[in-house]
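Let us walk through this structure one stop at a time. Keep the sequence beside the 3D view as you read.

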Amino acid sequence: MLVLVAPGQGAQTPGFLTPWLDLPGVEDRLRALSAAVDLDLVHYGTDADADEIRDTAVAQPLLVAAGLVSAAALGAVSPGAVAGHSVGEITAAVLAGVLDDTAALTLVRKRGLAMAEAAAITPTGMSALLGGDPDTTVAHLEQLGLTPANVNGAGQIVAAGTLEQLAALEADKPEGVRRVVALKVAGAFHTRHMAPAVDTLAKAAQDLTPGDPTITYVSNKDGKTVATGAEVLERLVGQVANPVRWDLCMETFKELGVTALLEVCPGGTLTGLAKRALPGVKTLALKTPDDLDAARELIAEHANA
């Protein structure tokens with residue numbers, strides 16, 4: 001059983017879309033999506049520097065567009081399930097038939113702008129903690145006033161909060177944690193600091209007509225599968241201010257009988273977690289078109305008939 005997954009913010013790197021523009025139709029599709037949201041995705045995916053694509057309002061639509069064009073390049077795929085990490089959930093919603101391209105890009109553009117506005121209220125950020133016992137780490141974070149915003153499994157938890165709280169964490173790591181790594185994101189996403197963005201997204205969602213998933217959709221909220229488009233959309237809205245439980249998503253993949261995991265562009269992060277948390281499961285990350293042949297072989301071996 002194949003699960004198709006989409007990465008979240010922080011996976012982008014300067015120029016990562018450049019090789020994809022050599023594929024027929026990709027540039028035209030990106031320019032059409034750019035026009036729909038008034039954002040030059042071709043520029044940001046090819047020529048923009050790291051600071052430009054770190055901007056939340058840019059990074060989020062760029063990541064969703066990248067996921068969609070790379071998934072389309074695979075051809076017909078019948079995965080057993082789809083999921084996305086944070087903003088990758090919107091990519092997954094398209095792959096599952098809940099939203100079309102234009103609706104997804106419109107929603108993610110509003111999401112990115114709303115989260116950027118919320119992040120500007122108070123200087124905040126996120127740091128990844130590597131190693132340690134999850135319960136011990138979470139208790140320590142709560143003592144410092146931080147939120148375990150991403151519980152990623154495989155010994156990784158991402159803390160989010162004010163810059164002062166994150167500085168305190170650097171000076172006072174939880175027992176057993178090997179490293180604390182500051183992430184290249186512009187706010188404390190998936191925490192109470194994002195509450196203003198939830199209201200904005202809820203209003204935007206009222207203009208959308210979601211379809212029910214045609215592929216099993218696994219939610220970040222609790223790792224549960226979601227049967228209706230209305231509930232997927234409701235969860236996408238609320239998830240902005242709630243922790244990402246990728247650990248529970250991977251537990252659900254196990255229960256579904258996953259044998260292979262394929263991560264759309266810019267892949268790498270989620271396959272890395274899967275290698276540690278899902279032993280025996282084959283993984284592949286779509287980084288450039290050079291990975292497409294191997295991806296198609298994986299699909300042929302593991303996707304549903």
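Predicted model: local features only at pLDDT ≥ 70, side-chain atom pairs only at ≥ 80, totals over all residues.

Start with a side chain: that of Gln 12 reaches the backbone nitrogen of Gly 10 at 2.8 Å.

Residues are numbered from 1 along each chain as its sequence is written, and side-chain values use heavy atoms, with hydrogens and water left out.

Where does Gln 12 sit? Its place is the loop between β1 (2-6) and α1 (26-37). Helices (H or I, at least four residues) and strands (E, at least two) are DSSP runs, numbered from the N terminus. Is Gln 12 buried or exposed? Gln 12 is buried, because its relative accessible area is 9%. The cut-offs are under 20% for buried, over 50% for exposed, and partly exposed in between (1.4 Å probe, protein chains only). Leaving aside neighbours within four places in sequence, Gln 12 is in contact (heavy atoms within 4.5 Å) with residues including Ile 53, Arg 54 and Pro 266.

Follow that last name. Pro 266 is found in the loop between β9 (260-263) and α12. The peptide bond from Cys 265 to Pro 266 is cis, with omega near -5°.

Now look at two helices. Helix α9 (residues 195-205) packs with helix α10 (residues 229-238) at about 155°, their axes 8 Å apart. Axes are lines fitted to C-alpha atoms, for helices over the stretch in contact, and angles run from 0 to 180 degrees between N-to-C directions. So α9 and α10 are roughly antiparallel. Angles under 35 degrees count as roughly parallel, over 145 as roughly antiparallel, 65 to 115 as roughly perpendicular and the rest as oblique. On the α9 side, Val 198, Leu 201, Ala 202 and Ala 205 make the contact; on the α10 side, Leu 233, Leu 236 and Val 237 do.

Last, the backbone. Asp 38 is not a glycine, yet has a positive phi of about 55°. Asp 38 is exposed, because its relative accessible area is 69%.

Key. Polar contact = N/O pair within 3.5 Å; in protein donor to acceptor, adjacent residues only side chain to side chain.
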